[in-house]
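Please examine the sequence and the structure shown below before reading on.

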Amino acid sequence: MSWFESLILGLVQGLTEFLPVSSSAHLRLTAAFSGWEDPGAAFTAITQIGTEAAVLIYFRKDIGRILSAWTRSLTNKELRGDPDARMGWLVIVGSIPIGVLGVTLKDQIEGPFRDLRITATMLIGMGIVLGVADRLAARDEKSGRHRAPKQRKALEDLGVRDGLIYGACQAMALVPGVSRSGATISGGLFMGYTREAAARYSFLLAIPAVLASGVFELKDATEGGHVSWGPTIFATVIAFAVGYAVIAWFMKFITTKSFMPFVYYRIALGILIIVLVSTGALSPHAAESAG
């Protein structure tokens, strides 16, 4: 992998990780459209450490409170009802599905799931799901002639059942094209949570999964020697800087705006990929990852 490729891929990772458009799909597509080798699942997982570092810094106050309350609740039963302590447990519960499936489906994630026809299908399918969820939320938020706005749930209403459903939605993002934030936010909207609550828990829930995945891939990459370390670290730093700016923008955006622009983009991109693959202009299969 060249330094220019790592610069572009780092920018793509940072720009798309927190938007409901699938960062793994965009890394795969950027390489395919540019005629580069597929950066691979290991590159994706490692550069995601950069974007998750941005989450850690942006939500540092929330994370600090959650870790403090959760840690103290281990020895103090009275603190187990504290909202921050509960959130710590709910992040752990919500991380179970992706942890189990990530290990079970590792070979598929690094191989068959990276087929561009699957990516295109997921872009379109999850785009439609996100669109329906967004419309339901918009309907609840608006008052009509004979109805008042419907009160949607906040993070304080989150329980184990909803945490597991969020986790199952997050696990779907193991397939490129789904989008971690898109799947979890859609799940949250369908369960009746506000846009901000769904997005906030989505970002918090991603922290243990992404960091664990990155560390796991780091271990494999170190032992296998199949990662270009200089360019990969450079891309990770770029992803961190860009990702932080995107989080700040996105959290403001969702408080007043609809997700429909992302829905239209996903569907249009999915259709474009299908056309290009069908006409032979684009190969559906990844080239061997760069070493």
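At 7% relative accessibility, Asp140 counts as buried, where buried means under 20% relative accessible area, exposed over 50%, and partly exposed in between (1.4 Å probe, protein chains only). Asp140 forms a salt bridge with Arg139, a residue that is exposed at a relative accessible area of 52%.

The model is a predicted one, in which local features need pLDDT of at least 70 and side-chain atom pairs count only at pLDDT 80 or more, while totals for chains, interfaces and linings use all residues. Residues are numbered from 1 along each chain as its sequence is written, and side-chain values use heavy atoms, with hydrogens and water left out.

**Salt bridges**

- Side chains of opposite charge can pair when their charged atoms come close.
- A salt bridge is a side-chain nitrogen of Lys or Arg within 4 Å of a carboxyl oxygen of Asp or Glu, and by this rule the count comes to 10.
- In the pair of Asp140 and Arg139, the closest N and O atoms are 4.0 Å apart.
- Asp162 and Arg161 also meet through their side chains in a salt bridge, at 2.6 Å from N to O. Asp162 is buried, with a relative accessible area of 5%, whereas Arg161 counts as exposed at 60% relative accessibility.
- A further salt bridge joins the side chains of Arg200 and Asp62 (3.0 Å, N to O). Arg200 lies in helix α10 and Asp62 in helix α4 (residues 60–73), so this pair ties together parts that are 138 residues apart in sequence. Helices here are DSSP runs (H or I, at least four residues), numbered from the N terminus.
- Asp62 is buried, its relative accessible area being 18%.
- Arg200 and Asp62 belong to a network of salt bridges that also links Arg65, Asp84 and Glu196.

**The largest pocket**

- Rolling a probe the size of a water molecule over the atoms shows where empty space is left.
- On a 1 Å grid over the protein atoms alone, a pocket is an open set of points with protein on both sides within 12 Å along at least five of seven lines, whereas a cavity is a set of points where a 1.4 Å probe fits but cannot get out; lining residues have an atom within 4 Å of a point.
- Grid points are joined across faces, edges and corners, and a volume is the space filled by probe spheres set on the points.
- The largest pocket holds about 650 Å³ of space. It is lined by 29 residues, of which Ile98, Ile109, Leu174, Arg180 and Ser213 are the closest to its centre.
- Two or more lining residues are given by each of α2, α3 (40–58), α5 (83–104), α6 (106–110), α9 and α10 (195–224). Helix α10 supplies the largest share, 6 residues.
- By class, this lining has 12 nonpolar, 11 polar and 6 charged residues. Ala, Val, Leu, Ile, Met, Phe, Trp, Tyr, Cys and Pro count as nonpolar, Asp, Glu, Lys and Arg as charged, and the others, Gly among them, as polar.

**The cavity**

- The structure holds 1 cavity of 30 Å³ or more, and the space in the largest cavity is about 50 Å³.
- Glu17, Phe18, Glu52, Arg180, Ser181, Ser202, Phe203 and Ala206 line the largest cavity.
- At least two of the lining residues come from each of α9 and α10, with α10 giving the largest share, 3 residues.
- The lining of the largest cavity comprises 3 nonpolar, 2 polar and 3 charged residues.

**Backbone geometry**

- Most residues other than glycine have a negative phi.
- Ser22 has a positive phi of about 80° although it is not a glycine. Ser22 lies in the loop between α1 (3–16) and α2 (23–34) and counts as buried at 2% relative accessibility.
- Ser179, likewise not a glycine, has a positive phi near 85°. Ser179 is placed in the loop between α8 (160–171) and α9 (180–190) and is buried at 3% relative accessibility.

**Nonpolar surface patch**

- Ile128, Val129, Val132 and Phe190 make a nonpolar surface patch of about 320 Å². Such patches are made of residues with over 30% relative accessible area and no salt bridge, nonpolar side chains (Val, Leu, Ile, Met, Phe, Trp, Tyr) being joined within 5 Å and like charges within 9 Å.
- Accessible areas come from the Shrake-Rupley method with a 1.4 Å probe, and for residues only the protein chains shown count as cover.
- Helix α7 (residues 116–141) contributes the largest share of the patch, 3 residues.
- Ile128 is in helix α7 and counts as partly exposed at 47% relative accessibility.
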